Every structure is written in C-alpha cells, then in structure tokens.
Amino acid sequence: NGLVREINLPQQNLHGILPFDSICSLQSLEKLSLGSNFLYGTITEDLKNCTSLQHLDMGWNKFSGKVPDLSPLGKLEFLNLNNSGFSGPFPWRSLENLTSLTFLSLGDNFFEPSTFPVEVFKLEKLYWLYLSNCSLTGQIPEGLGNLTQLINLELSCNQFTGEIPADIGKLKNLRQLELYKNSLTGKLPVGFGNLTSLENLDMSRNNLQGSISEVRFLTNLVSLHLYE
C-alpha cells in the first residue's frame, strides 16, 4: 500500500539495476540501505521523489554515471555513496539543502575535479565527513571550524595544496583526522594542540615542514603518521 518505511538490505549479494521509479513511489520511505552489494546501472532522476528519506546508503556498489541532484532530499541525516563507481560532476551545490546531515561519506569515487565544496560548512550537525579520494583540488578553505560536532574528518588522497586551515583547531571533538597523500605545505597551524580528543592522526605524504611541538598536547593519540 505504499506504506513501507524501510528497505534495509546491506550485504545481501544483490545484483542488478535498482528501479528508483518504484522505490521512490513509496511516499513513507525513510531508510534505503543497500550498501555492500553488486548493484549497477545509474541512479536515475527518480531519486528526487524520495523526499521522506532520512537514511540513504548506497556505498560499496558498482554504479556508473553521475549522482543526480540531491536538493529535494532535505530530510536526509545519513548519506553514504562511498566507493560506488560514480563519475562525472558531483552536485556539490545540492548539499546546501541537506542541513540535517550528520553523516556524509562520498569518497573513493572518480568525480570530476573540483575545489573544496564550501557548501559542507553549512552542515553544522555533521559528526562524520569522509571526502577522501574524490578528486578535490586547491586549498582547504577556512570554515571547517564551523563543524564542531565532527569526530571524524578524512580528506586524504586528493590534490589539496596550501596550508592546513587554522580554524581546524576548533574541532575539539575530533578523534580521527586523515590528511595524508596531498600536497599540503607550511607548518602545523597554531592551536592544533587544541585537538585533545584526537586518537588517530595521519598527515603523511605531504610537503609540511617546521616544528611539531603542538603534537605534544595530543595526549589521547593512539596512532601518529608523519612519514614522507
């Protein structure tokens, strides 16, 4: 009767193309969890009709093509499209409308190169941000300090240049910070030692220099990578 609220089928060895026209005719659908399967084909524009979705997990599949505009999904709290075969331009601007997001994972896709999506800075409820290996270029702009709920921030394996933004020191809940395999330069920003909740820090394979004295304040560190 169109009253299904959840489709929850991760890791079920599912193959095939998803009928988004049928799925998104379920007006009560709040959760669509199909991660870690073998689904392929494209995500069609019909996704825009899933306006009640709060949880969308399509990660670890074999999709192709680009991600459609996500603006109509304004109730989303959880979005995982990680490592799913997507390419082309990502609709970064549509993130402006997803202000309820707490979890955002878009990494390990071959998107068209773009600069850091500043729309992310409006998502102040985020506790998880994974944008590793998704063709981001240029500098990491000031603004990360707005995301004070973050416990996980991963921006590794991109083409970032310039310095680590100083306002990263405001992320006092951060437990994991991964910036490895970029072309970041300069020194650790003043105030980096404020990240006293950090357990895992990886800034290896960059062009950083100068003193690492701020690291001595990170007394909860379990893992520290600064090689190369």
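Mentor: Buried means under 20% relative accessible area, exposed means over 50%, and partly exposed lies in between (1.4 Å probe, protein chains only). This is a predicted model, where local features need pLDDT of at least 70 and side-chain atom pairs count only at pLDDT 80 or more, while totals for chains, interfaces and linings use all residues. Residues are numbered from 1 along each chain as its sequence is written, and side-chain values use heavy atoms, with hydrogens and water left out.

Trainee: What makes the link of Cys24 and Cys50 a disulfide?

Mentor: The cut-off is a pair of cysteine sulfur atoms within 2.5 Å. Cys24 and Cys50 have an S to S distance of 2.0 Å. That value is within the limit, so the pair counts as a disulfide. A search of the whole structure finds one disulfide.

Trainee: Which parts does the pair tie together?

Mentor: Cys24 lies in the loop between helix H1 (20-23) and strand S3 (31-33). Cys50 lies in the loop between strand S4 (38-41) and strand S5 (55-57). The pair therefore ties together parts that are 26 residues apart in sequence. Helices (H or I, at least four residues) and strands (E, at least two) are DSSP runs, numbered from the N terminus.

Trainee: Is the link of Cys24 and Cys50 left-handed or right-handed, and are the two residues buried or exposed?

Mentor: The link is left-handed, with -95° about the S-S bond. Both Cys24 and Cys50 are buried.

Trainee: Why is Cys134 in no disulfide?

Mentor: The nearest cysteine sulfur, that of Cys157, is 10 Å away. That is too far for a bond.

Trainee: How do you know whether Cys134 and Cys157 are buried or partly exposed?

Mentor: Set each value against the cut-offs. Cys134 has a relative accessible area of 0%, so Cys134 is buried. Cys157 has 23% relative accessibility, so Cys157 counts as partly exposed.

Trainee: What makes S13 and S15 paired strands?

Mentor: Two strands pair if DSSP finds at least two bridges between them. Strand S13 (residues 136-139) and strand S15 (residues 159-162) have three bridges, in the parallel sense. They therefore pass. Gln139 stands opposite Thr161 in S15.

Trainee: How many bridges join S15 to S17, and S17 to S19?

Mentor: S15 and strand S17 (residues 183-186) pair over two bridges, parallel again. Gly162 has Leu184 in S17 as its bridge partner. S17 and S19 also pair over two bridges in the parallel sense. There, Gly186 stands opposite Leu208 in S19.

Trainee: Why are S11 and S19 called edge strands?

Mentor: The five strands form an open sheet in the order S11-S13-S15-S17-S19. Strand S11 (114-115) and strand S19 (207-208) each pair on one side only.

Trainee: Why is the pair of Phe116 and Phe121 called stacked rather than tilted?

Mentor: Rings of Phe, Tyr and Trp (its six-membered ring) pair if their centres lie within 6.5 Å; planes under 30 degrees apart count as stacked, over 60 as edge-to-face and the rest as tilted. Phe116 and Phe121 lie 5.3 Å centre to centre, with 20° between the planes. The angle is under 30 degrees, so the pair is stacked.

Trainee: What makes the pair of Phe116 and Phe160 tilted?

Mentor: The planes are 40° apart and the centres 6.2 Å apart. Phe116 sits in the loop between S11 and strand S12 (128-130), and Phe160 in strand S15, 44 residues apart. Both Phe116 and Phe160 are buried.
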